[in-house]
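User: I am new to this structure and would like to go through some of its side-chain contacts. Could we look at it together?
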Amino acid sequence: IGQIANLAQSASAGKSPIAIEIDRFVKIIGSIAVSMGLFFFAINFAFGYDIITNIGFMIGLVVSNMPEGLYITVTVCMALAA
């Protein structure tokens, strides 16, 4: 058992193809969510809302666009598709 554990620890810990795709997908969704938040921040600022309301709306918009279970959902969908 010790030899197997030693081999497992010394093996290269490269990312699997599914992990690479999930990371890429999360970066795309994250950048879309942040850009939408900044866009609506600018729009609301142009309409004359105060800064605290704009920041709260922007944070709420970004958080609502990034679901908590995104990693699990994408992993299950990709596994089922494969």
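User: Which residue forms a salt bridge with glutamate 21?
Analyst: Glutamate 21 pairs with arginine 24, and their closest N and O atoms are 3.2 Å apart. A salt bridge here is a side-chain nitrogen of Lys or Arg within 4 Å of a carboxyl oxygen of Asp or Glu. This is a predicted model, in which local features need pLDDT of at least 70 and side-chain atom pairs count only at pLDDT 80 or more, while totals for chains, interfaces and linings use all residues. Residues are numbered from 1 along each chain as its sequence is written, and side-chain values use heavy atoms, leaving out hydrogens and water.

User: Where do glutamate 21 and arginine 24 lie?
Analyst: Both are in helix H2, three residues apart, about one turn of the helix. Helices (H or I, at least four residues) are DSSP runs, numbered from the N terminus.

User: How many salt bridges does the structure hold?
Analyst: It holds one.

User: Changing topic, how many aromatic pairs are there?
Analyst: There are three. Rings of Phe, Tyr and Trp (its six-membered ring) pair if their centres lie within 6.5 Å; planes under 30 degrees apart count as stacked, over 60 as edge-to-face and the rest as tilted.

User: Why is the pair of phenylalanine 41 and phenylalanine 45 stacked?
Analyst: Their planes are at 15°, so the pair counts as stacked, with ring centres 6.2 Å apart. The two residues are four apart in helix H2 (residues 17-46), which separates them by about one helical turn.

User: Which residues do ring pairs link into a cluster?
Analyst: Phe39, Phe40 and Phe57.
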